[in-house]
Amino acid sequence: MNQQWMSRLQDFGPFRVILNHLKNANAFPESEEKLTHLSYESWQRQFLGARLTLAFELALFSYFVRIAINLFHLLHGNPFIHKEILIQTVGAFNLILGMVLLRTRGGRNHLGWLFLGFAWALEMNEQIIETLGGVFESPLGDRVRPELLGWAFTFFFQATIIPVRWPLHLASQMMILGYYFAINTALGFDTLPQGNSATGYLFLTMFWVCLICDLSVYLYERLQRAEFKSRQKLEIAYRELEMTEYKFRSIFENAVEGLFQSTPDGRFISVNASLARLYGYRSPEEMIACVTDIRHLYVNPRQRDLFLERIQEQDAIMGFESQVYRADGSKTWISENARVVRDVRGNVVAYEGNVADITERKQAETEIRKALETEKELNQLKSRFVSMISHEFRTPLTTILAASEALECYGDRWDEEKKKLYLKRIQNTVHQMSYLLGEILILARSEAQKLPFNPAPIDLEGFFRDLVEEMQLNLQANQTLEFHVRRPNEQSRDRPPRMDEQLLRHIFSNLLSNAIKYSPRGGKIELTLTTDRDRAICTVEDEGIGIPPEDRKHLFESFHRAKNVGTVPGTGLGLTIVQRSVELQRGTITVETELGKGTKFTVILPLELEENRENEDNFGDRR
Ligand code: ATP
Ligand code: MG
């Protein structure tokens, strides 16, 4: 309530003007002015000047009021008012003179004299006029008498409004009292009141008034000096603090590394420009406003839990690597060093640390790892290739060598039938080797991404029927091979599918020959073709030996053969070629198998590839 009244009062026009005026007379102006370049003495001079101005103004105002009241009385015929008006007019004139002098350079250089001039205007005028009145016995004249109240008022006025330099106060008091008692007594006036007790009271009161005034000015000055000094110290300390703060802020803001301070519950307190840049924000302010939970920055939020666990355990964490989201959603790798900041009671108040972008290093690491893996794979491939070649080629070569030697030695003794049999054996073995070389060639071309891909309109059903007929020639005892065609929605296409017949042959001759090879007990082998609008879904299903679980994931690797193949011949290249051929046609291949029960391969191929994709996939050589 009081506050409300005060603020209303302060807003009131004239009052506001007075308050603003009074601000200039304050010991320490509320302006920006710095005190460090001032000595206490020069500041004190300023203060004395300001307070003298205020004192002159106040006294002048009081004189004007008193003159106005006395003029009013004069108009109503009070004869004693003449003397009063004279005294006040002379006093007001002296004050105006003092104010003018205060504004001059000479006046500002002799503020002590102006202080005495102030006392003069207030008290000495009156006393001199009193004395003169007594001397000349004019109508102004009256017996001089001690002005106890006037003196006390003057001394207190000076002590409260101009509490500077106590010797000045003492001097002005001595001037006023000295004049009264010394000059008046010298001129033969009775300066003392009636009776000893009144005189004693007068001296005692004046002594105490002077003592209190001078002492209070002295004490106030000391207080002011102390405050001045501490203000100066404070300013210096504040400036040093500003410098230090500026220095550290500059280091923080201009650091090349990303720096941060965050709360334990996951908000940023401060981040520098580098960190904001690393995370893709335009400014630190934007980053602080946008990231309300640091957890959400981590691609794997579990990383944040891990970070908190580790930092709480050891109070610091070094080289903590994680993948984080940037402002645009892209991902980047960072490495963090951080430490815990505690308050005096040991409570965690913040984490602070630095962050470095390690994306390039991570990429390099991944590439090196990949290169190492590839090299390892290549080495394995090489050794498998060497062992396969030595085995797969030596056997047929031995067969050829043995058959030809036998022909050479015993040919002339053998009949035609037997000779043909040996020649046939040699031819078959050469075919087998040529088939093997063919497969290796296809694989090599696919490795070099030079396997040709020439899609052309094809009659799928016709192709499969021919292939099945061919494969039926290879069937073993108790084996059957069936071909089924399914069209679920009987959707007819206006155009024939476009596929690469050579690749289709690679795929399905391999899958069917596998189904035949790995079904030694016989059983049914089924090839099913299902076409819908855009795809051909082909399955090759057998009731053979199946594939052991541990071999399934290596099925499509070159030269890999399952543990359960026994003596069934093979190189482990067929499925690799199948997979490459399927990929080249933008298809997929999956396998379902159960050990000892059978295997089902499903190949899904698009019926038609877009023109540009055809071109895109067409690697080099065309047949
Ligand atoms: P080739 O290069 O002569 O085809 P391969 O048949 O051994 O030799 P892949 O066709 O690549 O090689 O087959 C790899 C392995 O996958 C085979 O060795 C075999 O262990 C397993 N496999 C493939 N198809 C079947 C199937 N239908 N039933 C059981 N195992 C199979
Ligand atoms: Mg095979």
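**Charges, turns and a buried serine in a predicted model**

The side chains of Arg326 and Asp328 meet in a salt bridge, with 3.9 Å from N to O, where a salt bridge is a side-chain nitrogen of Lys or Arg within 4 Å of a carboxyl oxygen of Asp or Glu. This is a predicted model, in which local features need pLDDT of at least 70 and side-chain atom pairs count only at pLDDT 80 or more, while totals for chains, interfaces and linings use all residues. Residues are numbered from 1 along each chain as its sequence is written, chains are lettered from A and ligands numbered from 1 in the order in which they are written, and side-chain values use heavy atoms, with hydrogens and water left out.

Arg326 is partly exposed, with a relative accessible area of 25%, whereas Asp328 is exposed at 61%; here buried means under 20% relative accessible area, exposed means over 50%, and partly exposed lies in between (1.4 Å probe, protein chains only).

The structure holds 21 salt bridges, and some of them lie within helices, which, like strands, are DSSP runs numbered from the N terminus (helices H or I, at least four residues; strands E, at least two). In helix H9 (residues 196-254), Arg249 and Glu253 stand four residues apart, about one turn of the helix, and their salt bridge has its closest N and O atoms 3.2 Å apart. Glu416 and Lys419 are separated by about one helical turn because they are three residues apart in helix H14 (residues 416-447), and the closest N and O atoms of their salt bridge are 3.5 Å apart. Of this pair, Glu416 is exposed at 54% relative accessibility, while Lys419 is partly exposed at 24%. Salt bridges also link Arg295, Arg302, Asp305 and Glu309 in a network.

Arg165, in the loop between helix H7 (148-161) and helix H8 (166-186), has a phi near 55°, a positive value in a residue other than glycine. Asp315, although not a glycine, has a positive phi of about 70°, and lies in the loop between helix H12 (302-314) and strand S3 (316-325).

Ser335, in strand S4 (residues 331-342), is buried, with a relative accessible area of 14%. Leaving aside neighbours within four places in sequence, Ser335 is in contact (heavy atoms within 4.5 Å) with Gly319, Phe320, Glu321, Asn354, Val355, Ala356 and Ile358.
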